[in-house]
Amino acid sequence: MKRVEAIIRDEKLSGAKEALKALGVAGMTVTEVKGHGTQKGVTEVYRGRQYSVDLLAKIKIEAVVDDNDVKKVTDAICEVARTGSIGDGKIFISNIEDCIRIRTGESGAKAI
Amino acid sequence: MRKFSYISILMMVFMVVASQTGWADEATLDTGDNAWILTSSALVLLMTPGLAFFYGGMCSVKNINNMIMMVFLCMAIISVQWVFWGYTLSFGTDHGSFIGGLGMAGLRGITPDSLSGTLSEYTFVAFQATFAIITLGLILGAVEGRMRFSACMLFIPLWATACYDPVCHWVWGGGWCGNMGILDFAGGTVVHINSAAAALALCLFLGKRKKSNIRPPANVPMIALGAGLLWFGWFGFNAGSELAADGRAAFAWVITNTAAATAAFTWIVCEWIHRGKPTLLGMASGAVAGLVCITPAAGFVGPLGAVQMGIMAGVGCYFACVKMKAAIGYDDALDVVGVHGVGGTIGAFATGLYCTKFVTGPDGVDGLFIGWSAEGFNQLGLQCVGFLATWAYAFAVTCIICFIVKYTTGLRTTEEAEDKGLDLALHAEAAYHFETESTGTLK
C-alpha cells in the first residue's frame with residue numbers, strides 16, 4: 001500500500017476528485033493548506049504598497065491506494081492539475097504499513 | 001362670489017402695504033429648502049458609517065473593530081459636543097473674526113420657529129453637526145493599530161473644540177477667511193485640510209507601527225462598500241452646502257459626480273501604468289480623492305473645471321500615497337494626508353483657477369484660468385492664504401492636544417496590545433469567527 005499525497009491548486013480539486021473517482025479510488029482526505037515551493041509566493045499591491053505573500057493557499061489530497069494503482073493515480077492527478085505554469089504543485093508517495101477499517105476491524109488491502 | 005372678491009382685494013392691499021413697509025423682506029421658512037437640507041443632513045451622516053467601513057476594510061484584520069468603533073465614537077461624542085458648545089463656537093456671535101461666542105451654548109435661544117435664512121435653524125444645526133462628525137472620523141484613519149481608545153475619547157472633544165470649531169467659524173461662521181473672500185463651498189479647507197493636518201501631527205506623535213504589524217487590507221469589498229456610501233452621501237455634503245433646493249444645488253451635484261468619476265478613472269490609469277494592474281482599492285481611493293478635491297469648488301466651477309480637477313486629484317493623490325509618504329517617512333496608515341490633505345489642497349488651490357461667474361453669477365469671481373485677470377490672480381492668492389493658514393493652525397493645535405493627551409491618558413497602546421491586535425487587546429471582540437463546532441463553547 002502507498003499513500004499518494006498531492007498538493008495542487010485549489011481550483012483543480014473538483015477535476016482531481018472526478019479523475020480519482022473514475023479510477024475507482026474509494027476514499028480520500030482533502031485539506032486546505034498553505035505553503036510555497038520554488039515559486040516563493042506572490043506579490044500583491046495595495047495603494048502602491050507591495051505586500052509579499054509567501055504562503056499560498058493550496059489543496060492537499062491524500063489517498064491510500066494499492067501498489068499497482070500508484071502510477072495510474074499519479075498520472076491522472078498530473079493530467080488534471082497541470083497548467084504548465086509555476087505553482088502547479090507536487091505529489092509525494094510514501095509506504096503505508098497497514099490499514100484498518102474501524103467499523104469491521106478488517107486490515108490490509110481489503111480495508112482501503 | 002362677492003365675499004370672495006372682498007377677500008381678494010383685502011389680500012392685495014395687505015401685500016402692497018407689506019412690501020412698502022418691508023414686511024415682505026422678512027425671512028420665511030422655505031419648506032422645499034428645509035426638506036432638502038434635512039435630507040442632506042441624513043446623507044452626510046450616513047457618510048460616517050461609510051467611512052467606518054472604508055477604513056475598516058483597509059485595516060489589518062486584527063484592528064478592524066477598533067477602527068470602525070473609533071469612527072462611530074466621533075458620532076457619539078460630537079453629536080453631543082455640537083449641541084452644547086460646538087455650534088455656538090462655530091456660528092455664534094463673532095469674536096475677533098476668530099471664534100463664535102457662547103451665546104447659543106446648549107442651543108439656548110433657538111426655538112423650533114427660529115430661522116437660518118430660509119431654513120429652520122435646527123436644520124442648519126443638524127446639517128453642520130454632520131460635517132463636524134465626519135471631520136473627526138477622517139483623522140483617525142492615520143492611527144490604525146496603535147492609539148489607545150481612552151486617548152481617542154479625550155482627543156475627539158478637545159480637537160473639535162480647539163480646532164474644528166474655530167476653523168469652521170473662520171470660513172463659514174463670519175470669521176476672517178469668509179470675510180476676505182476665501183472660497184470653500186463645502187469644506188475643502190474646514191473638513192479635509194483641517195483633518196489631514198491633524199492626522200499628520202497625530203501620526204508623527206504616535207510614531208510608526210512595527211513592520212510586522214503592517215498587513216494587507218482585511219476586506220477589499222468592504223472598502224468598496226464604504227467608498228460607495230461615501231460617494232452617495234457626498235451629494236448631501238456638496239449639493240446640500242448650497243443650503244437651498246435650487247439650480248445651483250443641482251449643479252453642485254453634477255459637478256461632484258463628474259469630478260469623482262474622473263478621479264476614479266485617473267487613479268486606476270496611474271496604477272495600471274505604474275504598477276501594471278488596476279485595483280479595486282485604487283478605484284475606490286480615486287473616487288474619494290476626486291470627491292475631496294471638488295468639495296471646496298462644487299458651487300464655483302464648471303464641468304470642464306471639474307474634469308480637470310478630477311484628473312489632478314487622481315494623479316496627485318496617487319503619487320502622494322505611493323511616493324510622497326515613503327519619501328517623507330511618516331506612518332499615515334490609511335493615507336489621510338495623501339488623500340484628504342493633498343486632495344483638499346489641490347481642490348482649494350484649483351478653486352482659485354477654475355471658479356467662474358458662469359456658476360456664481362455677477363457677484364462671484366472668475367478664477368485665474370477663466371479670466372486671466374488681476375481678480376483671478378488675487379483669488380488664487382486668497383485661496384493659498386486660506387489653506388496655508390489652516391494647515392499651520394491645525395498642525396500646531398493638534399501637537400498641543402497630543403501633548404495634553406500623552407500626559408493624561410497616554411497616547412500609544414502597549415507593544416503587546418499592538419501585536420495581539422486592538423480588537424482583542426482593547427475590546428475583547430474579534431471581527432470574524434471561522435471556528436468549527438469543536439473549537440469553543442459560549443459560556
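This is a predicted model: local features need pLDDT of at least 70, side-chain atom pairs count only at pLDDT 80 or more; totals for chains, interfaces and linings use all residues.
Chain A comes up to start. How is its secondary structure made up? Chain A has two helices and six strands. Along the sequence they run β-α-β-β-β-β-α-β.

Now its dimensions. For 112 residues, a compact globule would have a radius of gyration near 13 Å. Chain A has 17 Å. Along the principal axes, its C-alpha atoms fill a box of roughly 60 × 25 × 20 Å.

What share of chain A is buried? Of its 112 residues, 31% count as buried. The accessible surface is about 7,100 Å². Carbon and sulfur atoms hold 48% of that surface.

Contacts next. Take the contacts in chain A with a separation of 6 or more. Residues 24 or more positions apart account for 71% of them.

Charges. Chain A carries 19 positive and 17 negative side chains. The centres of the two sets lie 4 Å apart.

Two residues in chain A deserve a stop. One is A:R47. Where does A:R47 lie? It sits in the loop between β3 (42-46) and β4 (49-53) of chain A. Most residues other than glycine have a negative phi. Is A:R47 buried or exposed? A:R47 counts as buried, because its relative accessibility is 5% and the cut-off is under 20%.

The other stop is A:D75. A:D75 belongs to helix α2 (residues 70-81) of chain A. A:D75 is partly exposed, at a relative accessible area of 37%. Pair A:D75 with A:A19 and you have 56 residues of sequence between the two positions. In space, C-alpha to C-alpha, A:D75 and A:A19 are 10.0 Å apart.

On to chain B. Its secondary structure comes to 17 helices and four strands. A compact globule of 443 residues would have a radius of gyration near 22 Å. Chain B has 23 Å, which agrees. The C-alpha trace spans about 90 × 55 × 45 Å along its principal axes.

Buried residues make up 56% of the 443 residues in chain B. The accessible surface is about 18,400 Å², with 69% belonging to carbon and sulfur atoms. Among the contacts in chain B with a separation of 6 or more, 77% come from residues 24 or more positions apart. As for charges, chain B has 21 positive and 27 negative. Their mean positions are 11 Å apart.

Now the aromatic rings. How many aromatic pairs are there over all chains? The count comes to 24. Take B:F98 and B:Y393. Their ring centres are 5.9 Å apart and their planes stand at 80 degrees, so this pair is edge-to-face. What does the pair tie together? B:F98 is in the loop between β1 (94-95) and β2 (99-100) of chain B, and B:Y393 is in helix α15 (residues 374-406), so the pair ties together parts that are 295 residues apart in sequence. B:F98 counts as partly exposed, at 34% relative accessibility. B:Y393 counts as buried, at 18%.

Another pair is B:Y318 with B:F319. This one is also edge-to-face. The distance is 5.0 Å centre to centre, with 85 degrees between the planes. B:Y318 is buried, with a relative accessible area of 0%. B:F319 is partly exposed, with 34%.

Ring pairs link B:W82, B:Y87, B:F91, B:F124 and B:Y164.

B:A287 lies in helix α10 (residues 280-294). B:A287 counts as buried, at 4% relative accessibility. Which residues does B:A287 touch, not counting those up to four places away in sequence? B:A287 touches B:W231, B:A260 and B:A264. The C-alpha atoms of B:A287 and B:A263 are separated by 5.6 Å, and the two residues are 24 residues apart along the chain.

Last, B:L243. B:L243 is found in the loop between α8 (220-239) and α9 (247-275) of chain B. Its phi is near 60 degrees, a positive value in a residue other than glycine. B:L243 is partly exposed, with a relative accessible area of 29%.

Conventions. Residues are numbered from 1 along each chain as its sequence is written. Chains are lettered from A and ligands numbered from 1 in the order in which they are written. Side-chain values use heavy atoms; hydrogens and water are left out. The radius of gyration is taken over C-alpha atoms; the globule rule is 2.2 Å times the number of residues to the power 0.38. Buried means under 20% relative accessible area, exposed over 50%, partly exposed in between (1.4 Å probe, protein chains only). Contact means heavy atoms within 4.5 Å. Accessible areas come from the Shrake-Rupley method with a 1.4 Å probe; for residues, only the protein chains shown count as cover. Lys and Arg count as positive and Asp and Glu as negative; His and the chain ends are not counted. The place of a charge is taken as NZ of Lys, CZ of Arg, CG of Asp or CD of Glu. Rings of Phe, Tyr and Trp (its six-membered ring) pair if their centres lie within 6.5 Å; planes under 30 degrees apart count as stacked, over 60 as edge-to-face and the rest as tilted.
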